[in-house]
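Please look at the model before reading on.

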Amino acid sequence: MTKLQGKKQVNALVILFTFTYMVSYITRINYGAIIAEMEQSTGIARSLLSMALTGSFITYGTGQIISGILGDKFSPKKLVSTGFIITVIMNLIIPICQSPYQMLAVWCVNGFAQSLMWPPIVKLMTSLLSNEDYSRATVKISWGSSSGTIFVYLVSPLLISLFGWKSVFVFSAALGIIMLVVWNKYSYEIDLQPRKKTKGKQASSLAALFTPVMICIMVAIILQGMLRDGVTTWMPSYISETYSLSSVISILTGVILPLFSVLSFYIASQLYTKTFKNPVMCAGVIFGIGALSSLGICFVTGHSAVLSVVLSALLTGCMHGVNLMLICMVPAFFKKHGNVSTVSGVINSCTYIGSAASTYGIAVISEKLGWSFTLRMWLLIAIAGTLLCIASAKGWKREHQSD
């Protein structure tokens, strides 16, 4: 299909993709956003409730690889539609689950359904947009995740106060239905051309994904996922338990996190386009700022709820910036191989290896060893991510930016 040239067409596509990503986020992170309230209302232990989150991260991460491969071979539009249909059903089933094990099964299916969205969207963007429009669109579409998070953390306390925690999932499902209708009406079908087999650097092969540089980047992505989703999920519980606040108030503090992520997306894109030109080096610098934020949290915890929230928000904002560089910008360099969707799915799955490990791990560690130990773990993870990105930056430039 011909690239979209008109500004109105490009803007309309970006708006559609942004809202699609926003609603997909709402129907995915709602469980984690209200898990503190679910724990108090049901009396189910945090570690048992968190199994559903861990399971969904595993199926989401695994599904990213499958979805990435499918997105290069089948209609991306239909894949996204399928994802929305399944996620709506799962959101409606969660409120009637009677045990954490039923919740685990349902949310694992939801995780796989959600994985059918991002790689196909990346495939559509690279097919419909020029390189310049793609870079700008990626930043704006990434705001959808922050907007969705803000929406969930603002609306959930109100719904919980009026109707209880189950209403959050019903409301999310309703939004999913609306988005499904809009998506099917306004999204594009694209021609899926078979890849051309060429030699040398143009070879369409996943071998380029498993160089030492890319392996280091994948490990850094895992660490980013551990901090981004681990801190986002458990920050309300950390604030509630450390400063003796109600679960509803602590959920509201979660609004601060995506506000910082919106700012981080803008700053990260500016650093990338105007200063570093290298997504891996840019990610390393942002990771370093996140490490300093983690250090700050260790010093202020127990003394200032406000500073703890602000520094946690800065940490997760930095991880969203790292995500923008490593998950959104890196796949575009594989466009010449014709497997952008596959690459996007594979590397994005790394995020959710980290997410799965940290969501359950933080629940167990915070219960057994306390929040002070947990905060020090966040610091070590951020330092490791910083070093990996900086060490890989030159190799990335040599392998992918010297063509």
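H1 is the top contributor to the lining of the second largest pocket, giving five residues. The model is predicted.

**Second largest pocket**
- The second largest pocket holds about 230 Å³ of space.
- Its lining counts 13 residues. Nearest the centre of this pocket lie Lys7, Val10, Asn11, Asp133 and Arg136.
- Two helices, H1 and H7 (131-163), each supply at least two residues of that lining.
- By class, the pocket lining splits into five nonpolar, four polar and four charged residues.

**Largest cavity**
- The count of cavities of 30 Å³ or more comes to five.
- About 250 Å³ of space lies in the largest cavity.
- This cavity is lined by 22 residues. Tyr25, Ile29, Asp229, Thr232 and Thr233 lie nearest its centre.
- Which helices each supply at least two residues of the lining of the largest cavity? They are H1, H3 (46-71), H7, H9 (212-243), H11 (256-276) and H13 (305-329).
- H1 gives the most to the lining of the largest cavity, with five residues.
- The lining of the largest cavity has nine nonpolar, 10 polar and three charged residues.

**Second largest cavity**
- The second largest cavity contains about 100 Å³ of space.
- Its lining is made of 14 residues. Those nearest the centre are Tyr21, Tyr25, Arg228, Asn323 and Cys328.
- Eight nonpolar, five polar and one charged residues make up the lining of the second largest cavity.

**H1 against H4**
- The crossing of H1 and H4 is left-handed.
- On the H1 side, the contact uses Thr20, Val23, Ser24, Thr27 and Asn30. On the H4 side, it uses Val80, Phe84, Thr87 and Asn91.
- The residues of the contact of H1 with H4 divide into three nonpolar, six polar and no charged.

**H1 against H5**
- The axes of H1 and H5 (residues 100-115) come within 11 Å and cross at roughly 155°.
- That crossing angle makes H1 roughly antiparallel to H5, since angles over 145 degrees fall in that class.
- The crossing of H1 and H5 is left-handed.
- Ser24, Thr27, Arg28, Asn30 and Tyr31 of H1 meet Met103, Trp107, Asn110 and Gln114 of H5.
- The contact of H1 with H5 has three nonpolar, five polar and one charged residues.
- Ser24, Thr27 and Asn30 of H1 touch H4, and Ser24, Thr27 and Asn30 also touch H5.

**H1 against H3**
- The axes of H1 and H3 come within 10 Å, with a crossing at roughly 150°.
- H1 and H3 are therefore roughly antiparallel to each other.
- The crossing of H1 and H3 is left-handed.
- Arg28, Tyr31 and Gly32 of H1 make the contact with Leu49, Ala52, Leu53 and Tyr60 of H3.
- Which classes do the residues of the contact of H1 with H3 divide into? There are five nonpolar, one polar and one charged.
- Arg28 and Tyr31 of H1 meet H5, and Arg28 and Tyr31 also meet H3.

How values were computed. Residues are numbered from 1 along each chain as its sequence is written. This is a predicted model: local features need pLDDT of at least 70, side-chain atom pairs count only at pLDDT 80 or more; totals for chains, interfaces and linings use all residues. Side-chain values use heavy atoms; hydrogens and water are left out. A crossing is left-handed if the near helix is turned anticlockwise from the far one by less than a right angle, and right-handed if clockwise. Helices (H or I, at least four residues) and strands (E, at least two) are DSSP runs, numbered from the N terminus. Contact means heavy atoms within 4.5 Å. Ala, Val, Leu, Ile, Met, Phe, Trp, Tyr, Cys and Pro count as nonpolar, Asp, Glu, Lys and Arg as charged, and the others, Gly among them, as polar. On a 1 Å grid over the protein atoms alone, a cavity is a set of points where a 1.4 Å probe fits but cannot get out, and a pocket is an open set with protein on both sides within 12 Å along at least five of seven lines; lining residues have an atom within 4 Å of a point. Grid points are joined across faces, edges and corners, and a volume is the space filled by probe spheres set on the points. Axes are lines fitted to C-alpha atoms, for helices over the stretch in contact, and angles run from 0 to 180 degrees between N-to-C directions. Angles under 35 degrees count as roughly parallel, over 145 as roughly antiparallel, 65 to 115 as roughly perpendicular and the rest as oblique.
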